[in-house]
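Please keep the sequence and the structure open while reading.

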Amino acid sequence: MDLNRRIFIKGAGATSVLSALPVKWVFADQLPAAVTPLDISALTWTKAEDLPSYFKVLNTHPLNAFPPEHKLAPAVTPADASFIRWNGIVPDFKALDAKTWTFKVDGESVATPKTYTIDELKRRFKHYTLQLLIECGGNSRSGFFPSTKGNQWNNAGVFCSEWTGVLVSDVLKDCGIKADAIYTGHHGVDRHLSGKGEAISRGVPIKAALEELGLIAWSMNGEDIPYLHGYPLRIVFGGRPGSVSQKAATGISVRNKVHDGHKMEAPAYQLPKYPIAPGESVDNKDYRIIEEMIVKSLIIEPQSGTELAVGQKIAIAGHAWAGLREVVKVEVSYDYGTRWFTAELEKPKNVAAWQQWKIELQLPSQGYYEIWAKATDSEGDSQPVVQPQWNPKGYMFNGCHRIAVRVV
């Protein structure tokens, strides 16, 4: 492939050359319709109407977009139904060459810093394929009242795909970890919107890096990771804020302190240490880092607004997840929480994968109904039926998902 060829997005004032490009480079079959790699030298994205009709675009600089909730119906989320979240400048596609890509492990608490090619990672370490859920810390932010600053995600800032790679822990142990290690720092090629420095560099506690099923992955759903989802390598930690699953990953630093990379500082991806009133402000010193995601569920069948005939049973289905815990119960209500009915719930494929649930109900009469879903995790924590504790950044909303149906 001629990597000097200019690549545009449809509608940007130039003809798309997607059809002329090899799929192995562009992964066109995995990108949302009409989205193609850009000529990043322009550092621009097109208007929202130039993107697929089923994606809602929250920002173009940086790029943030999500699909409608019903697109998340498959147990394994396809790439073209997975939310897109970049923190800075989308990297130059021409620079993302898997053949020459390297991944560096360094930091104050590494005994022997090492640099690996993708081929070396594949040859030297055992491969794992896991279903791991990635959820934006601000998923469902639009549900908070009063509203908060930040991208107003609906409930589709989450997906659970199948990732193949090597364990972060295996690679770190190959380099040797010193006893004073506290945290990791994750690094990628995307740059800050100013063009200077990393757009984001977050990490996880060293215990998590050494004991959990975090991956350095090169495959998503059995194919090369698509461009917009982190090609050619992505660090993936399921059950933790999506911001630690670094796209276009270039390395991990093992730190002897809590990592101080960009967007580790308060209030980014942090919650108040104590409950506050809605709308109240908080000093930066009174925040704590979000380490794990929490219990939540999503109704994906039927779509909100569905009508059914009197006497017709309604099949309701969805997903539920609980960070690094397991969901043990999903309940559904059609009468505003007066009564709850227990759904059939599947076990997770592995830790940090979401679980499928379903139930069939008979609505009692003609009229308007709201279907609510509530999940409970293995530690006994359940979703609130209204909004959870309010916070200034609008993180971790896990109130019950609700849809509307009408019996006619």
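In this predicted model, β1, β2 and β3 form an open sheet in that order, with antiparallel pairing. β1 (56-60) and β3 (84-85) stand at the edges with a single partner strand each, so one side of each has no neighbour in the sheet. The chain as a whole has four helices and 23 strands, and 54% of its 408 residues are buried.

- β1 and β2 run antiparallel and are joined by four bridges; K56 has F66 in β2 as its bridge partner.
- Strand β2 (residues 63-66) pairs with β3 over two bridges, in the antiparallel sense.
- On the β3 side, R85 is the bridge partner of N64.

**Sheet β15-β17-β21-β20**

- Four strands make an open sheet in the order β15-β17-β21-β20, and the pairing is antiparallel.
- Its edge strands are β15 (296-301) and β20 (344-345), each of which pairs on one side only.
- Strand β17 (residues 314-321) and strand β21 (residues 355-361) run antiparallel and are joined by seven bridges.
- Within β21, K358 stands opposite A317.
- A cis peptide bond joins E301 and P302, with omega about 0 degrees; P302 is in the loop between β15 and β16 (306-308).

**Strand β8**

- Strand β8 (residues 183-188) is mostly covered, six of its six residues being buried.
- Y183, G185 and H187 point one way from β8, while T184, H186 and G188 point the other way; all are buried.
- β8 is joined by six bridges to strand β12 (residues 249-255), and the two run antiparallel.
- T184 has V254 in β12 as its bridge partner.

**Backbone angles in two loops**

- Y336 is not a glycine, yet its phi is positive at about 65 degrees. This residue, Y336, is found in the loop between β18 (327-333) and β19 (341-342).
- With a relative accessible area of 45%, Y336 is partly exposed.
- M396, also a residue other than glycine, has a positive phi near 65 degrees. M396 is placed in the loop between β22 (367-377) and β23 (401-407).
- M396 is buried, with a relative accessible area of 9%.

**Pockets**

- The largest pocket holds about 310 Å³ of space. Its lining has 17 residues, and L271, P272, R288, Q389 and M396 lie nearest the centre.
- That lining of the largest pocket has 11 nonpolar, two polar and four charged residues.
- The volume of the second largest pocket is about 260 Å³. Of the 18 residues that line the second largest pocket, R85, G150, N151, K263 and Y269 lie nearest its centre.
- In the second largest pocket the lining divides into seven nonpolar, six polar and five charged residues.

**Cavities**

- Four cavities of 30 Å³ or more are counted, and the largest cavity has about 210 Å³ of space.
- The largest cavity is lined by 20 residues; R85, R234, G242, S243 and K247 lie nearest its centre.
- By class, nine residues of the lining of the largest cavity are nonpolar, seven are polar and four are charged.

**Cysteines and contacts**

- How many disulfides does a search of the whole structure find? The search finds zero.
- Two cysteines, C136 and C160, are buried: C136 has a relative accessible area of 8%, and C160 has a relative accessible area of 0%.
- Among contacts in the chain between residues at least 6 apart in sequence, 70% join residues at least 24 apart.

Terms used
Residues numbered from 1 in each chain as written. Predicted model: local features only at pLDDT ≥ 70, side-chain atom pairs only at ≥ 80, totals over all residues. Heavy atoms only, no water. Disulfide = S-S within 2.5 Å. Buried < 20%, exposed > 50% of the residue type's maximum accessible area, 1.4 Å probe, protein only. Pairing = 2+ DSSP bridges. 1 Å grid on protein atoms, 1.4 Å probe; cavity = no way out; pocket = protein on both sides within 12 Å on 5 of 7 lines; lining within 4 Å. Points joined across faces, edges and corners; volume = space filled by probe spheres on them. Nonpolar A, V, L, I, M, F, W, Y, C, P; charged D, E, K, R; others polar. Contact = heavy atoms within 4.5 Å.
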